[in-house]
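Here is a short briefing to read alongside the coordinates.

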Amino acid sequence: MIPELGQFALVLAVGLCLIQGVLPLWGAAVRNADWVAVARPAAAGQFVFVAIAFAILMQAFLSNDFSVAYVARNSNTALPTMYKVAAVWGAHEGSLLLWSLVLAGWTVAVAVGSRGLPEIFAARVLGVLGLISAGILLFTVATSNPFERLPVPPLDGNDLNPLLQDPALAIHPPMLYIGYVGFAVAFAFAVAALLAGRLDREWARWTRPWTTWAWMFLTMGIALGSWWAYYELGWGGWWFWDPVENASFMPWLLGTALIHSLAVTEKRGLFKSWTLLLAIGTFSLSLLGTFLVRSGVLVSVHAFAADPARGVFILMLLGSITGTALVLYAVRARNMVAEGGFHAVSREVALLLNNVFLVGATAAVLFGTLYPLFLDALGAGKISVGPPFFEIVFLIPMLPLLFLLGLGMHTAWRTMQATTLLRMVRIPALVAVLVGLIVPWLWFDRLSVLSAVGIVSGCWVVAASLRDPIALWRSQRRLPRGQWGMIVAHCGLGLFVLGVTVTSAYNIEIDESIRPGESLEIGSYELGFRGLRNVEGPNYRAVEGEFELRRDGTLVTVLAPQKRVYNVQTSPMTEASIDSAWSRDVFVALGDSLGDGAWSVRLQYKPMIRFIWFGALVMALGGLLATTDRRYRNATAPKPSPATDTLEDAA
Amino acid sequence: MWRYLIPVLLFAGLVAFFARGLQLDPSYVPSPLIGKPIPEFTLPTLADPNVSLSDRDLRGELSLLNVWATWCVGCRQEHGYLVELAAQSGLPIYGLNWKDDTDAARRWLQQLGDPYRVTAVDADGRIAIDFGVYGAPETFLVDADGTILFKHLSPLTAEVWQREFLPRIAQAAGQ
Amino acid sequence: MKLWLMVLLGLLASTAAGIDINDDFDDPALQERYRAIINETRCLVCQNQTIADSNAGLAVDLRREIRAMLESGASDQQIVDFLVGRYGDFVLYRPPLKRTTWLLWASPVVFLLIGLAVVGVTLMRRSKQPIELDGDEWAPLSFSPSPSTFSTWRLYCCRFGAARD
């Protein structure tokens with residue numbers, strides 16, 4: 001009975017979303033204040049019903065209700081409670097419900113946070129969000145009902161996929177969704193501006209914090225996923241350029257471009273139609289990612305194609321949401337051209353170039369990801385586009401971007417003397433070149449051109465970011481928090497670049513067979529194999545190896561990689577054991593028993609790999625600083641005289 | 001102004017590609033060997049390891065080459081149909097026993113019936129690589145001069161036989 | 001995250017890492033080439049893994065074949081031809097440059113050139129327009145804690161930089 005209530009709650013939520021979508025938008029068009037006022041209560045109502053549905057599904061997992069097909073497929077009585085919770089979003093139906101819950105959460109946040117905005121504008125934003133929610137919920141109810149019952153409930157469930165039984169992966173999907181679903185807010189702001197037919201600097205100030213919040217969560221979500229892939233899959237890679245990964249990375253790239261373009265629109269009232277297009281594009285890429293992941297048009301996610309209705313439905317959803325916005329854009333954007341000049345050396349141009357490189361990178365990733373599909377659809381053969389392609393192609397826009405970033409941070413709005421700019425970055429440039437060339441030489445005693453370029457770029461970004469704080473610290477001045485956000489985020493990017501370059505240039509990987517009592521050398525470390533023991537987990541059994549990691553004869557730590565076999569889904573799982581430090585990770589994964597007591601092991605030495613995730617975390621921290629700048633709090637606080645649009649104001 | 005139409009036009013093109021893509025199977029990889037002569041091989045037969053089967057034995061008449069193994073679930077599914085097909089069509093079917101335990105393979109044929117004229121044993125999978133095999137069962141249609149006409153991946157059924165094989169056999173016979 | 005969605009689908013036939021312990025060549029150059037090739041070859045069984053990472057039987061066989069070919073002196077191109085002849089271009093994670101793929105390989109440069117052309121045109125147009133001076137970055141709004149403006153702060157920094165020389 002209770003799961004049916006969940007389904008009923010979803011249906012009610014669809015109804016409320018439609019009300020939230022249609023009435024306020026219509027009311028805004030015909031200037032009916034009563035209809036406009038429906039937006040906030042409807043938003044709150046749909047959130048409550050989606051949350052009820054979500055809670056009911058979670059309760060079904062916690063109470064082992066295997067009469068619900070989704071629970072039976074993805075849970076088991078022996079599954080630890082934490083993973084029962086995570087299993088709610090462990091597969092298609094539940095993760096779609098999470099998608100809806102996250103969107104409903106953002107909608108309520110906008111409903112609360114938009115009290116200071118003009119009523120009509122807020123109603124339009126909420127209306128657009130309501131229509132998107134209605135579409136996603138309809139998709140859930142029509143093709144992917146998580147509450148579907150089994151006629152004969154099994155005695156026990158099929159268990160959650162072992163790969164997903166991991167703390168980082170439990171929180172990765174919520175983070176990721178909060179991020180890329182959050183771009184729906186910027187999208188709704190853009191469509192509301194198009195509906196109103198005008199856009200001013202206030203608009204950009206309202207949109208910026210929402211966009212940055214979403215970006216921050218997406219940054220953390222992607223980093224978590226990458227970290228998980230690194231330690232859980234047992235291969236030691238951290239990014240694979242798989243279509244599913246690209247699906248979350250493209251909104252991130254374009255969202256980053258949007259953040260920068262919004263800065264220009266806010267400060268100078270320029271790039272208006274361009275910013276709108278980016279806001280539409282970023283969320284459209286999120287939707288596109290959802291389509292790619294769930295429709296089975298690319299190899300990565302083939303098995304979802306089991307139900308072609310899903311692919312068709314979500315393509316129609318993508319087509320109508322993005323298509324409508326782009327048609328509106330085609331009709332209205334021409335009225336939003338801003339006039340205003342700037343000079344070749346100015347922050348406007350720096351940010352314009354930033355956008356060119358970020359959009360270029362997004363386009364290249366998108367094109368590469370979809371190219372096999374294009375060829376196949378044209379009957380021109382089957383190809384694979386993988387990491388070797390993306391690694392080359394991604395560098396082409398990224399290297400100039402990193403170079404320009406250090407300059408761009410120090411440019412002034414409107415115009416600036418080129419010589420002044422160069423004088424400002426002289427010292428950071430010198431530091432970057434010296435540190436970037438000498439340190440790797442001393443530390444690793446070899447240096448390739450590409451790694452030198454990468455390390456110098458990373459150092460350059462960090463040094464250029466730190467220039468202002470150092471100068472200010474000496475002069476006892478203070479920076480506004482938004483500025484700190486920019487500096488910290490750019491520093492994070494620099495650390496990330498350093499991590500990526502050093503790891504890929506200097507990692508050591510050894511696959512070897514080893515017997516108890518023997519030892520292997522990796523870099524300056526020695527790894528001794530003491531032996532094996534059997535371990536019993538809550539829902540798995542494992543063989544655990546015991547390895548002593550030594551450096552110069554001193555014991556550093558004992559590593560214990562496992563090879564697990566889960567009781568229900570019996571495929572073997574590799575649990576790597578990692579000793580991590582700032583400067584390096586030592587990674588051991590246990591392979592197969594080779595007979596005679598010998599085991600295959602994979603040993604990896606990964607210098608500075610922590611910088612990759614730490615850098616991403618620092619970037620996200622920069623986003624947090626930027627969003628909490630007080631001028632945004634002022635911008636959305638209730639104001640007596642709305643600036644854009646009032647009920648009396650004819651659009 | 002026309003330039004504001006560019007995004008929506010590009011997007012429409014993309015949606016058209018996706019709509020087409022939904023009808024395709026992205027994981028299906030067509031064999032580059034179609035239209036090429038079968039790879040050379042000489043392998044021991046399952047019945048008697050001292051006797052060998054080679055690619056030359058397949059020439060002379062239209063035949064099927066079926067890649068199978070006892071560990072393969074799909075092979076078990078199609079086996080009944082293969083037995084039926086061998087009896088009905090009169091077409092010679094050659095077996096390629098892929099990376100398998102030969103004793104288990106012999107027992108399998110004893111128990112389930114032997115549709116094959118001869119089964120060759122590819123214990124280390126080397127010849128299967130030459131045939132571009134990546135998932136058993138796979139069935140090749142080979143014409144009289146040893147050219148590969150068609151390759152079917154996944155279990156063979158009466159429906160597949162009607163739809164994919166018969167027209168090609170008729171065409172090969174007509175030439 | 002690659003995989004969490006993929007994994008939802010049960011696509012990974014084997015989730016244990018493929019660890020290839022037989023890859024010791026006497027010649028480190030051969031070893032290097034071997035690792036490069038197997039890391040760019042797609043496994044057709046678990047289609048989202050390279051044959052270096054996959055534990056599937058076919059991946060093991062292909063690694064063995066490639067090792068044997070390298071030891072008998074085959075060139076990288078011969079090995080690629082060997083793979084493509086049997087499985088098609090699909091096995092190559094690095095798409096070969098040919099009639100159907102030149103657009104793919106040219107795309108990043110084309111996108112950038114279009115972008116830079118747009119910047120060029122915009123700049124030509126905008127630099128002729130008057131630069132108006134009533135933007136809000138002159139107002140204390142963006143610098144609430146301090147009365148100084150962004151621009152004076154910048155000037156200060158410039159002077160600071162100059163003073164150090």
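Which residue takes a positive phi in the hairpin of S4(A) and S5(A)? That residue is A:Asp552, with phi near 50°, and the hairpin has two residues between the strands.

This is a predicted model, where local features need pLDDT of at least 70, side-chain atom pairs count only at pLDDT 80 or more, and totals for chains, interfaces and linings use all residues. Residues are numbered from 1 along each chain as its sequence is written, chains are lettered from A and ligands numbered from 1 in the order written, and side-chain values use heavy atoms, without hydrogens and water.

**Strands of chain A**
- Strands (DSSP E runs of at least two residues, numbered from the N terminus) pair if DSSP finds at least two bridges between them.
- S3 (residues 525-536) and S4 (residues 540-551) run antiparallel, joined by eleven bridges, and their hairpin has three residues between them.
- A:Val543 in S4(A) stands opposite A:Asn534, and its bridge partner in S6(A) is A:Lys563.
- S4(A) also pairs antiparallel with S5 (residues 554-559) over five bridges, with A:Leu549 opposite A:Thr557.

**Nonpolar cores**
- A nonpolar core is a set of buried Ala, Val, Leu, Ile, Met, Phe, Trp, Tyr and Cys residues joined through side-chain atoms within 4.5 Å; buried means under 20% relative accessible area (1.4 Å probe, protein chains only).
- The largest has 220 residues, among which A:Trp203 and B:Phe18 touch the most other members.
- A second, separate core of 29 residues includes B:Ile129 and C:Phe82.

Terms used:
Buried means under 20% relative accessible area, exposed over 50%, partly exposed in between (1.4 Å probe, protein chains only). Helices (H or I, at least four residues) and strands (E, at least two) are DSSP runs, numbered from the N terminus.
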